[in-house]
Amino acid sequence: MRRTWLTILSVIVAGCLLANRAAAIEVSCIEASKYRHLYQIFGGDPRKFAAYLQIEPDRLPDPELCRAALVSGPIEAPEAHDVDKLMNFIMANRGWLATLHLASGGGRVGTGYLLAFLARSFWLKTYTVSTSGNALFYMPDFFVPPLPAASATTGPTPAPAPESGLAQGWQAYLAVQKGLPRVPVAYRGCASACGLIHAAGIERFGVVRVHRTRYSGQGTLIDLSKSMSATNEGLMRSEELQVAYYRQMDTGPDFISTYQSTPPETTTPVNVSRYPRYVADYLNARCGADAGQLQRLERQLYATIANLNSPLFGLWIKADRLRKAARTVREHRSKAEQCVAAAHERERLSAFDKACAGGCTRQKLQAMVETKIRDLAKGAR
Amino acid sequence: MTRMRPNRPRGRATRRAAASWLAVAFGTLLSITSASALEFRCIEPSRYRNLLSVFNDDPNLFFSHLGLPRGRLPDLNTCRALLITGTLATGDSDALLDRIIAAKGWLAVLYLSLEGANIEEEARIASIVREFSLKTRAVRQSLYRYQPDFARLWEPPIALTGTSAAAPPARDDISPLHRGLQAYAVRRDLALPLDANHSTCNDGCRPIWFAGVNRLYNAAPAGAPAPSDVADPVNARLRVALTYFIDLNRLPAADDPVLSKPLGWTSATPPATARMLRDKCNPEFAVAESLETRFGEAFETAARSNLRPREVQALTTPFEALSRSGARLQQCLAAALEGERLASFGRQCAPACDRQALSERFAGAARDILGRAGQP
């Protein structure tokens, strides 16, 4: 049995070796995520940033480091050095890289696993890339932008939300962002093997397009040179491994069933649950609120207001109570999101310290992720 | 030396031919000057055969949603919406009348992307639009997607379970049209064929837009200068007076400050239409408003408990109730507008449409309004 799983792994690696396309992923710094720009939110004061994320003020990132990377292009075989690119980027940012913004239509599953375990090992968050037109749209991951000033309301004044004192800083940051060059994004989504990386995020945002696995032939979607029995047995084992992987990443039952039921010639969009369940439970207990649930409630409130107030029918009802509720939710959510961000910040920094204790090397990290893939294969048995 | 004489038409037949050529040329010239310069194009996805899919291809749903007694469907090739482009000229109002008559009351919406000014023609078209209870959409930038005017796609409420809890299956029963609208929304021909250089509804387009019983527009591009009629202050004043008359059935006082203000883009619904809608959908309004209050109370209870996950989840029920009542209210409003338009057509065209008489009546009405509005 053990030999069977080793065979699957070797097939995955061999699959990777088959590729010889020149294109590969690009891992680039999102300029707007450089800490020197992000400090603008806090009036240019790094200590306030440290206080917001509850980190030691004597351990602050170099202003030139990047908090977010854009991962774009097709995921390729080992000789394209996709994994090295991400590894180097993580190491260069010394634990301060927090999020990956994914813009890839997929590619090699084997490389996808390696990139994915790298992302999870370093406690990174994943986003399907957001765009405005065809340019990257970046929002910091740790901060809920303040709402415009509300009109006077009656009743008790709620405790100020954490971002309320940062409205000016937020405007200053937006002004800086506006002055930065636009980053064009060729593929505006995350599909296929890119979903493996997305699923590995410790916080996941955006839609992924999934499909069942396949053996691709030379210039054909399905490799018809293989026999039906070999195709069926091989791909069933590959699917078991992938399902085991999604379970481990705790993407949710919808994600897995959508993956299993989507034929390889198409893709189906699916939402990944924001956190793995036990991370959610932990954060809910720690922060006294469910930030993901509050985010959905806020979204639902605004969607309902937009629906009810549609001018399409000539008249509409007032939705003042819904608007007031949306503001209240935002205040609660800001506090919850700050608490969640702070918890992730600590965990990510300690994950980096753990992985890179005594110095980070490519070999060490490579060995770490390969061990995780081996463990996955064993677990899938 | 022989002087060559130019060839000249000779004989009676030749003279006759020349005369008829001149007549044709003159006739053509006349027809050019009086021809309609606006172009009326059917918006393909608005043909009733395409719109039927919104109703799950179910005629019962078509009649019930639009509040109509079961009867004959409209000719399925009829267009519910027209895109009007080109430059205003004399005769355009008659061309619009022809389109309305041909659609037998089933033309409901005009997308306006026209240019130019012709105050008398503007007044005629505006009167026609209002008297036939048509809806108007002003094109203010070149990206505009056709959207059915009688239903809105309500996405199923998002599950409000905790992040780590299993989400129940999404509800898609907020409106019986949900699936049909969802399928319709993925059509690839919904973007209007607009010319980026000639797509702004301005000048003469404005009073026509204003005459709609439900007037909407797409947002102007960021930073675009506000349209203004400053170059033609007399027409600007006349247009304000005209729109005032169309909405309120009287002219503003000569010193009314409204006359010196530019035409706005606000107010989706004329006062008379608003009254009619409020009256016909009173029960639905009452229920929707009451459910919004009920949601507010449920939310305050949850907020008092610090929006704990269980309290937030409990908001699912009042949310769904509110969403359903909102969709029902919109269905009632859509039906009321539909009924009003068909009744207007019946009033104008009973027992049959007399195009000549209608044309003269609208021309007379336009002259009358402009005559009175133009007096100091």
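Me: Two residues are in contact if their C-beta atoms, placed from the backbone, lie within 7 Å. How many residues does the contact take from chain A and from chain B?

Reply: The model is a predicted one. H10, H11 and H12 of chain A each supply at least two residues of the side of chain A that touches chain B. Counted over both chains, the contact takes 34 residues from chain A and, from chain B, 38 residues.

Me: Which helix supplies the largest share of the side of chain A that touches chain B?

Reply: The residues on this side of chain A divide into 16 nonpolar, eleven polar and seven charged. Three helices, H10, H11 and H12 of chain A, each give at least two residues to it. The largest share is eleven residues, and it comes from H11(A).

Me: Why do the buried residues of helix H10 of chain A lie on the same side of the helix?

Reply: Helix H10 of chain A spans residues 277–287, and its buried residues include Val279(A), Ala280(A), Leu283(A) and Asn284(A). On the other side of H10(A), Tyr278(A), Ala285(A) and Arg286(A) are exposed.

Me: Which residue follows H10(A), and what is its phi?

Reply: H10(A) comprises residues 277–287 of chain A. The residue that follows H10(A) is Gly288(A), and its phi is positive, near 65°.

Me: Which strands stand at the edges of the open sheet in chain A?

Reply: The sheet has five strands in the order E1-E2-E3-E4-E7, with mixed pairing. An edge strand has a single partner strand, so one of its sides is left without a neighbour in the sheet. The strands in this position are E1 (26–29) and E7 (204–205) of chain A.

Me: In E2(A), which residue is the bridge partner of Cys29(A)?

Reply: E1(A) pairs with strand E2 (residues 68–72) of chain A in the antiparallel sense, over four bridges. For Cys29(A), the bridge partner in E2(A) is Ala69(A).

Me: What percentage of the residues in chain B is buried?

Reply: Chain B contains 13 helices and five strands. Among its contacts between residues at least 6 apart in sequence, 85% join residues at least 24 apart. Of the 376 residues in chain B, the buried ones make up 39%.

Methods. Residues numbered from 1 in each chain as written. Chains lettered and ligands numbered in written order. Predicted model: local features only at pLDDT ≥ 70, side-chain atom pairs only at ≥ 80, totals over all residues. Pairing = 2+ DSSP bridges. Buried ≥ 20, exposed ≤ 12 C-beta atoms within 10 Å, placed from the backbone. Nonpolar A, V, L, I, M, F, W, Y, C, P; charged D, E, K, R; others polar.
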